[in-house]
Amino acid sequence: MINLVDIKPFRDEDNDSINFERRFLIPISLAGAVFSFASILTNGIINLDEVVQLTPYITFFVYLGIFLWAWNKKNVVFAKYFIILFTLTLINFLWYYNYGANGPILYLFILIYSYLIFMVKGKQLVFFTILIALNISVLFYIEYNHPGLVKDYTTHHQQIVDVYLSMLFYGLIVFIMMYIAKISYIHAYNEAKKADKLKTAFLENMSHEVRTPLNAIVGFSNLLAEDDISHEDRKEYIELINESNRSLLQLVNDILDVSLIEANQISLNNEDINISETINNLKITYKLLIQKKTSSIDIAIEIPNEEIHIIGDKTRLRQVLTNLLDNAVKFTESGLITIGVKERDNDILFFVKDTGIGIERQYHRHLFDRFYKVEDKKDVLFRGTGIGLYLSKKIIDLMGGKIWVISEPGKGSDFQFIIPKKGFRKVTLKINEHENNIKKLKRHLKILVAEDHRANQIYYAKVFKGLNIEVLIAENGIKAIKMFKENPDIDLVLMDIKMPEMDGFKAFEEIRKINHQVPIIAQTAFAMDKDREKCLGAGFNGFVAKPVTKEMLLKVLHETGII
Ligand code: ADP
């Protein structure tokens with residue numbers, strides 16, 4: 001059971017604390033560099049000890065270095081501790097040369113301690129507290145017991161200028177530290193308030209999103225139990241129940257995905273994705289879906305002429321496109337929905353464009369936040385939980401891409417995203433040409449399909465019908481071996497992995513003992529990376545995820561050199 005209230009808060013705490021430390025370190029080190037520079041100029045005027053006059057040159061470069069480090073690097077751990085140790089050493093050094101308790105140096109201990117309170121915590125803070133207390137005690141002991149050791153200003157004016165100038169600098173540092181702390185606090189407070197509000201809204205939406213399909217399921221199930229319903233009504237009720245089941249399942253999947261993503265538990269597969277095929281299939285699915293609801297929306301695709309293939313996670317890519325298409329359908333009353341893909345220099349651009357209600361500019365930057373829904377039209381209720389775009393963005397981030405929107409109220413929205421061209425290739429053979437090729441097959445092919453699921457058996461028997469291919473079906477591993485022995489002219493074996501009596505791996509081994517040459521391809525509903533690796537590791541000639549379409553089969557035949 002998922003407890004919604006337990007879903008991790010939106011903020012990523014580790015990143016937050018790193019950002020806070022950077023935000024702190026950058027102005028502090030810059031202030032150190034600026035003050036050092038000012039000291040280079042003023043120390044000459046007030047004529048201090050030579051060593052004291054030289055020191056700002058060193059400190060200027062050190063603080064500037066820390067500033068540049070914090071500015072350029074994400075990891076500020078080194079700089080954060082280095083600035084503490086350097087400043088502590090500097091204080092001790094300056095205490096001696098800048099007239100001990102007579103000068104302004106001792107007050108630097110207060111500044112560095114304030115810095116520590118913001119930047120370190122727990123045991124480290126205790127350690128540094130003790131270190132600083134000890135340091136001050138030692139300095140006190142030395143100055144108290146050896147009055148002549150630390151020198152004094154040569155003139156009283158010198159002391160006044162030095163102390164007052166330093167106070168100015170200290171004031172500046174205190175202001176910077178407190179200001180950053182205040183801004184960070186206000187920011188964190190507002191974020192927490194926003195997250196809380198969104199979570200409340202989400203729970204309300206969830207309640208609605210769960211109840212609506214549940215009502216339909218309960219209501220129509222009761223109606224189905226009545227005796228006097230017509231065949232047509234029964235069919236319609238079942239369809240409505242199934243539709244509600246699907247939407248409930250989708251909701252559960254989305255919520256599971258949110259918790260998986262936030263726990264960093266989602267990993268991406270690397271498989272061959274035929275982009276053109278994916279987009280074509282989506283168009284077909286959505287065309288049917290839209291036709292059921294309205295005749296005033298049409299769907300079009302814009303894809304390059306060549307088949308584009310990339311290596312990536314097909315399911316997750318489809319999930320993002322489906323989220324965008326669902327929204328396009330939901331927020332468009334009439335007009336056109338276009339789904340497309342464009343090849344660019346370093347990446348592939350996908351887009352889902354609609355002529356729907358559009359989104360005001362002020363909301364664009366929030367759209368991809370968790371649970372966010374634009375709800376300025378209070379009189380119109382658009383169903384949804386505000387998870388779709390959040391999930392989509394997270395998936396695209398994982399893929400190393402970017403997602404954004406171009407939209408104007410009343411004109412429509414264009415959601416676009418890019419993913420890097422990892423393993424990109426173009427195949428000039430077009431889908432129709434595949435089929436023509438198959439039709440042109442001179443040679444009669446015999447394929448053995450090992451498959452235990454009855455619906456899939458029927459599918460395979462039908463899908464290759466009409467082609468010059470004979471399909472033999474074996475419902476388990478043992479039957480597959482038997483049929484293979486009886487038909488030594490089999491050209492290809494499509495082997496299911498999970499089957500009763502004997503699984504695909506064992507059957508593969510047995511067939512290989514009889515015939516070393518025949519290509520044996522694993523076909524399985526387990527389409528994860530590890531499944532593919534396991535199959536290829538076992539020696540299969542290839543791997544296809546179910547359901548195997550005509551085009552996929554043709555590709556297999558090509559790759560195995562059969563045609
Ligand atoms: P949901 O659709 O479940 O509310 P999403 O995260 O998918 O959640 O979308 C968040 C919000 O973004 C939607 O509630 C809607 O206000 C806005 N939005 C998303 N897509 C579109 C679109 N194509 N046209 C207009 N508004 C959209």
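Biologist: At what angle do helix α4 and helix α6 pack, and how far apart are their axes?

Modeller: Good place to start! Two packed helices are described by the angle between their axes and the distance between the axes. Keep in mind that this is a predicted model. Here, α4 (residues 108-119) and α6 (residues 156-225) pack at an angle of about 10°, and their axes are 11 Å apart. Angles under 35 degrees count as roughly parallel, and α4 and α6 are therefore roughly parallel to each other.

Biologist: Which residues in α4 meet which residues in α6?

Modeller: From α4 come Leu108, Leu111, Ser114, Tyr115 and Phe118. They meet Phe169, Tyr170, Ile173, Val174, Met177, Met178 and Ala181 in α6.

Biologist: Now to the ligand. Which residues come nearest?

Modeller: There are 19 residues around the ligand, and those that come nearest are Asn327, Lys330, Asp354, Thr385 and Leu389. The shell divides into 9 nonpolar, 7 polar and 3 charged residues.

Biologist: Which atoms of Asn327, Leu389 and Val374 lie by an oxygen atom of the ligand?

Modeller: For Asn327, look at the side chain: one of its polar atoms is 2.8 Å from a ligand oxygen. For Leu389, look at the backbone, where a polar atom is 2.8 Å from an oxygen atom of the ligand. Val374 also uses a polar backbone atom, at 3.1 Å from a ligand oxygen.

Biologist: How much of the ligand's accessible area does the protein cover?

Modeller: On its own the ligand has 530 Å² of accessible area, and the protein covers 95% of it. The elements giving two or more residues to the shell are α9 (314-330), α11 (388-398) and β7 (412-420).

Methods
Residues are numbered from 1 along each chain as its sequence is written. This is a predicted model: local features need pLDDT of at least 70, side-chain atom pairs count only at pLDDT 80 or more; totals for chains, interfaces and linings use all residues. Side-chain values use heavy atoms; hydrogens and water are left out. Axes are lines fitted to C-alpha atoms, for helices over the stretch in contact, and angles run from 0 to 180 degrees between N-to-C directions. Helices (H or I, at least four residues) and strands (E, at least two) are DSSP runs, numbered from the N terminus. Angles under 35 degrees count as roughly parallel, over 145 as roughly antiparallel, 65 to 115 as roughly perpendicular and the rest as oblique. Contact means heavy atoms within 4.5 Å. A residue is near a molecule or strand if one of its heavy atoms lies within 4 Å of it. A polar contact is a pair of N or O atoms within 3.5 Å; within protein, one must be able to donate a hydrogen and the other to accept it, and residues adjacent in sequence count only if both atoms are side-chain atoms. Accessible areas come from the Shrake-Rupley method with a 1.4 Å probe; for residues, only the protein chains shown count as cover. Ala, Val, Leu, Ile, Met, Phe, Trp, Tyr, Cys and Pro count as nonpolar, Asp, Glu, Lys and Arg as charged, and the others, Gly among them, as polar.
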